[in-house]
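This report describes one protein chain and its ligand. Please keep the sequence and the structure open while reading.

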Amino acid sequence: MKNLKDNVSVLKGVGPKKQEALSELQINTIFDLLSYYPFRYDDFEVKNINDIVDQEKVTLKGTIASEPTVVHYGRRRNILNIRFLINDDIVKVTFFNQPWLKKQLPVGKEVLIYGRFDKNRSSMAGIKILQSSDSNQMSSIYPTNKHVRQSTIKETVKLAYEEYKDCIFNIVPDDLRNKYKLENLKTVVHDMHFPKTKKEAMLARRTAKFNEFFLFQMRLQNLKSVNQNKGLSIKFDQTKIDQFIDKLPFELTDAQKRVVNEIFMDLKSNRQMNRLLQGDVGSGKTIVAVLGIYACIDAGYQAALMAPTEILAEQHANKLAKLFENTNINVSLLTGNTKQSARKELLPRIKDGEVNLIIGTHALIQDSVEYADLGLAIIDEQHRFGVNQRKNLREKGKGTNVLAMTATPIPRTLAITSYGEMDVSVIDKLPAGRQPVKTSWIRENQFKSVLPFINDRLSSGEQIYVVTPLVEESEAVDMKNAVNIYESFKNIFEPKYQVGLLHGKMNDDEKNSIMGEFQKNNLQILVSTTVIEVGVDVSNATMMIVFNSDHFGLAQLHQLRGRVGRGKNQSYCLLVADPKTEVGAKRMNVMVDSNNGFIISQKDLELRGPGDVMGNAQSGVPDFKVGDPVADLTMLNIAQQEAIQIVSQSDWKTKYSKLFEYVSENNKKIFD
Ligand code: ADP
Ligand code: MG
């Protein structure tokens, strides 16, 4: 029986060598081959001269009106000229370095020439001469590599299609196909590879995209529903939690209460929590995490909290140890910096469950770290981690609940692809009484004029961050920037106020000790490169000065600004920049005008385009073959809604048996 899973080697003409070459293009089965779609087409439809746009690549049909001439110039270069008669028009056609064509172009012969047309000169740069069988066709162009030729793929696809077309059936349910006027898959495969017109190719591509998005979403939604019953059910004592909340120095905001509830519902249920917590900087995500941790440990499980930097991990460890002071929760810190001896002593205690809260960096997901019973894994500033790191932490336990936290708004595209398997909670309000940070932008030569204002902050007992970005290619130069600024602040403000310096070249002990001094207010001014960017929390700091602020992404500036405005006093952000472009100036004004992270990232997206803004965060977006998750977002959305709808039907697995078969066969491959 023929089957689309047959290896391509069953095809005539595909020997071991060709098989290997194809396999380099990830083509192993007939299915792979048939879904190896062209990325574009050459359109060989014969055109009327009057319908051609300047510089368009087209096919012209006419007769040779003059003996071809070949002119040689330079070393091994030549041009072949002919006069080409098309109805009553004469077009001059030039071929570069193809002198042998002369023989195929005797005067009076009717031929088809494909080339680039220059409308003003009524001339054409010839590309090739077509056989009459090529004309009025679209010619598929495939991605290839050194070992496989365009024509090989074309012929092999053709052969595969002829032999296997009857094995192609629709996986997408008929009712959906009717609803969205999608073609059946056999037609799609045919028209993707061998379209006769642009329109055919376009229609086929539309269905192919939908199929791809829909099947991806089906796997995602199915995975989500499979995980429903596999989680740990965390049974904790609500009274104890309430008492703990009562002792906090502040009241939880409504947004925090709502989110905590969502998390508790997940924890109690036997579905595995896989939740993304979004909340602007300073919205109070940490305390939400703390309550989850408390519940989980109260129920007898371990919890882990992973942060992207040593400084942040350490700060979390100190804070949480203090919060849990009067409980029997045992907090440990594990980072890449933990001394070998301490580590050796700690690992067994994690493994046998004596330590119930482990806080740290990437060190938490090393192979050598084993957990007794990990009930909850929390990832802070999760956008700093890759998909696999998230996954590794989750897999440190069985049915471990996962909470990923971020202040960076996630573009819709990523939300329904990379994060599609997660539920989302949002803290959409900052704690009450918090005054928004006042932001201004000045030019570098105006800096002197703000010194009195800075002095006012300091004399009121408040503290100040000063940040310089990575501007130069070399770290040494960047450090010099920071050092220069540090020196000038020292000159101005010492001995009355103390100035500290923090930069990336310092080792972690030095960094932590400087950070500690700032936290204790032994330093009033902290000059730093961007190492303080994420999560650091010193509520007495009320001013953030950012030099060369136009060199930062707006999301990052917003993060930086979020380091202040954490206490009761009015806080300020001062951007010092001489942007060289209008867009640069606009970006500074966005920061001055808005305090809302979602608005800021949207504006940044509009000003700079998605490539720049999403940067590395894009990694982890699944590789779609035909669909573009950014450009085709609307279709992706629809595909998601339909997939959710189908999976919610209790009988979908029997009702759509072909679809179910496909989903279960492919369900592991989503993100690997
Ligand atoms: P982020 O969401 O950026 O991680 P944090 O969790 O660090 O924010 O919280 C920022 C500051 O707000 C901390 O000092 C925290 O103690 C404080 N905080 C959190 N929740 C509240 C609240 N409901 N009322 C007042 N202050 C709060
Ligand atoms: Mg935080």
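Domain bounds, as used here, come from an automatic or database domain assignment. On that basis the protein chain of this predicted model is divided into four parts: domain 1 (1–41 + 154–167), domain 2 (45–136), domain 3 (238–268 + 284–406) and domain 4 (438–594). Between the C-alpha centres of domain 3 and domain 4 the separation is 30 Å. Their contact takes 12 residues from domain 3 and 13 residues from domain 4.

**Overall form**

The protein chain has 672 residues, and 51% of them count as buried. Its secondary structure comprises 23 helices and 21 strands. Along the principal axes, the C-alpha atoms fill a box of roughly 95 × 65 × 45 Å. Of contacts between residues at least 6 apart in sequence, 74% join residues at least 24 apart.

In soluble globular proteins, nonpolar side chains tend to be buried together. Here the largest nonpolar core holds 39 residues, of which Phe264, Ile293, Phe324, Leu357 and Leu376 touch the most other members. Two or more residues each are given to this core by the helices α7 (238–246), α8 (254–268), α9 (285–298) and α10 (310–323), and by the strands β10 (302–306), β12 (357–360), β13 (374–379) and β14 (401–406). Helix α9 contributes the largest share, 10 residues.

What does leucine 376 contact, leaving aside its neighbours within four places in sequence? The list is Leu267, Met273, Gly292, Ile293, Cys296, Gln302, Ala303, Ala304, Thr400, Asn401 and Leu403.

**Ligand 1**

Ligand 1 is surrounded by 16 residues, the closest being Glu251, Gly282, Lys285, Thr286 and Arg434.

| Residue | Protein side of the pair | Distance to an oxygen atom of ligand 1 |
|---|---|---|
| Glycine 282 | polar backbone atom | 2.7 Å |
| Glycine 284 | backbone N or O atom | 3.1 Å |
| Threonine 286 | side-chain N or O atom | 2.6 Å |

Taken alone, ligand 1 exposes 560 Å², and the protein buries 84% of that area.

**Helix α5**

Helix α5 covers residues 185–193, and its buried residues are Leu185, Val188, Val189, Asp191, Met192 and His193. Which elements cover these buried residues of α5? Among them are the helices α2 (30–34), α3 (150–164) and α6 (198–226), together with the strands β1 (40–43) and β8 (138–141). The N-terminal end of α5 is capped by asparagine 184, with a side-chain oxygen 3.0 Å from the backbone nitrogen of lysine 186.

**Lysine 391**

Lysine 391 is found in helix α12, which runs over residues 387–394. Is this residue buried, partly exposed or exposed? Buried means under 20% relative accessible area and exposed means over 50%; lysine 391, at 23% relative accessibility, therefore counts as partly exposed. Lysine 391 and methionine 422 are 31 residues apart along the chain, and their C-alpha atoms are separated by 12 Å.

Methods:
Residues are numbered from 1 along each chain as its sequence is written. Chains are lettered from A and ligands numbered from 1 in the order in which they are written. This is a predicted model: local features need pLDDT of at least 70, side-chain atom pairs count only at pLDDT 80 or more; totals for chains, interfaces and linings use all residues. Side-chain values use heavy atoms; hydrogens and water are left out. A nonpolar core is a set of buried Ala, Val, Leu, Ile, Met, Phe, Trp, Tyr and Cys residues joined through side-chain atoms within 4.5 Å. Buried means under 20% relative accessible area, exposed over 50%, partly exposed in between (1.4 Å probe, protein chains only). Helices (H or I, at least four residues) and strands (E, at least two) are DSSP runs, numbered from the N terminus. Contact means heavy atoms within 4.5 Å. A residue is near a molecule or strand if one of its heavy atoms lies within 4 Å of it. A polar contact is a pair of N or O atoms within 3.5 Å; within protein, one must be able to donate a hydrogen and the other to accept it, and residues adjacent in sequence count only if both atoms are side-chain atoms. Accessible areas come from the Shrake-Rupley method with a 1.4 Å probe; for residues, only the protein chains shown count as cover.
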